[in-house]
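Have a viewer open and follow along.

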Amino acid sequence: MMKKFKSLENIKVKQSEDKVNEYWDGIGILNRTIENRNGRESFVFYEGPPTANGMPGIHHVIARLCKDSICKYKTMQGYRVVRKAGWDTHGLPVEIEVEKELGINNKTEIEDYGIEKFNQKCKDSVFKYQSAWEKMTREMGHFINLKDPYVTYDNNFIETEWWILKKIFDEGLIYEGHKILPFCSRCGTGLASHEVAQGYQEIDVDTVTVPLKLKDEDTYLLVWTTTPWTLLANVGVCVNPNEQYVQVKSR
C-alpha cells in the first residue's frame, strides 16, 4: 500500500531545482560533456528553431524534451554532441503579430506603411520573449548552446542557404514543377499546412446556385459555388464521368 505524500508546502521543489541549475551553470555542464569527448565521433544537433515573438507553452516543453532526450542519449553512447540553438525570425507568425500591433489588415496597408519599416518592426519583435524562452529552457534542464544561436534573418545564414540551394541546383536536383497548395489571398502568399491549421475556424459563408444551360437542349446544370465572383470569367463546367447525377423536372 502506497504511503501518503507529505504536504507539498513542505517540499521545496523550486529551491531544489534552482540549486541543481546553479550547480550545472557553475561547472559548465554542457561544455564539459562536449569537451571530454574530443576526438570521438560527432553527433551534431541544430535545433528546429522556435519563434521568440510568442510566449512558450507546455507543447514547447514537450518538443524540447524529445530533442534533449536524443542528444543526452547520444552523449551517453560516447558521441561528441554539439548542440546549437536557433531562432526562427521569418514567416507569417512574425508578420501577423506585427500586423496586429500596427492595426494592419492586408498587404496593401503594409506597402502603404512602408516595407522597409515593416521589416524592421518584424526584426524588433522576434526576440520579444527571448528571456522567457531561455528561462524555460534552463529550468527544464534542456542542454543547448543558447549563447551562440543561429538566427534565420542573419545575412550569413541567408547566404549559406542560397549557397546550399545553388549546390543542389548544380547537381541537377532542383526542377520547376507545379504543386497545389493553400493560398492566402489576404497575405498574398502560399501557406504551409501547419500555418493553415493555426488559424482554422468554422465560419458561415454566402453561396449561390447558378443554372447553366446545355447547348443543344432545354436542360440546365445547377452549379453550386462559394466564389460567385469568379462566374464572370467561367468558360465551361467540369463533370465527373464516374459520378451519378440526378435529372429533375422543374415546374
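First, the ground rules. This is a predicted model, in which local features need pLDDT of at least 70, side-chain atom pairs count only at pLDDT 80 or more, and totals for chains, interfaces and linings use all residues. Residues are numbered from 1 along each chain as its sequence is written, and side-chain values use heavy atoms, with hydrogens and water left out.

**The parallel sheet**

Helices (H or I, at least four residues) and strands (E, at least two) are DSSP runs, numbered from the N terminus. Two strands pair if DSSP finds at least two bridges between them. On that basis, 3 strands make an open sheet with parallel pairing, in the order β1-β2-β3. At the edges sit β1 (42–46) and β3 (145–151), each pairing on one side only. On average, and ignoring direction, neighbouring strands here are turned by 35° against each other. Strand β2 (residues 80–87) runs parallel to β3, and 3 bridges join them. Within β3, Y150 is the residue standing opposite G86.

**Aromatic rings**

Rings of Phe, Tyr and Trp (its six-membered ring) pair if their centres lie within 6.5 Å; planes under 30 degrees apart count as stacked, over 60 as edge-to-face and the rest as tilted. Searching the whole structure gives 7 aromatic pairs. Here are two of them:

| Pair | Centre to centre | Angle between planes | Type |
|---|---|---|---|
| W24 and F143 | 5.1 Å | 85° | edge-to-face |
| Y46 and Y150 | 5.8 Å | 50° | tilted |

The W24 and F143 pair links distant parts of the chain: W24 belongs to helix α1 (residues 13–27), F143 to the loop between α7 and β3, and they are 119 residues apart. For burial, the scale runs on relative accessible area: buried means under 20%, exposed over 50%, and partly exposed in between (1.4 Å probe, protein chains only). W24 comes out as partly exposed because its relative accessibility is 27%, while F143 is buried with a relative accessible area of 14%.

Is Y46 buried or exposed? Y46 has 52% relative accessibility, so it counts as exposed. Y150 counts as buried, at 14% relative accessibility. There's a cluster too: W87, F127, W133 and Y153 form one aromatic cluster.

Contact means heavy atoms within 4.5 Å, and Q130 touches A52 and W87 once residues up to four places away in sequence are set aside. Q130 itself lies in helix α7 (residues 130–139). Its relative accessibility is 23%, so Q130 counts as partly exposed. Along the chain Q130 and G54 are 76 residues apart, yet their C-alpha atoms are separated by 8.9 Å.

**Where α4 crosses α6**

Axes are lines fitted to C-alpha atoms, for helices over the stretch in contact, and angles run from 0 to 180 degrees between N-to-C directions. The axes of α4 and helix α6 (residues 115–125) come within 9 Å, crossing at roughly 105°. That makes α4 roughly perpendicular to α6, a label that covers 65 to 115 degrees. On the α4 side the contact is made by V94, E95, V98, E99, E101 and L102, and on the α6 side by F118, K121, C122 and S125.

Zoom in on E99, found in helix α4 (residues 92–102). E99 is buried, its relative accessible area being 6%. What does E99 contact, leaving aside neighbours within four places in sequence? The partners of E99 are I104, I110, F118 and R186.

**The hairpin**

Last stop: strand β6 (residues 208–213) pairs with strand β7 (residues 220–225) in the antiparallel sense, over 6 bridges. A hairpin of 6 residues joins β6 to β7. K213 has Y220 in β7 as its bridge partner.

Definitions and conventions
Parallel < 35°, antiparallel > 145°, perpendicular 65-115°, else oblique.
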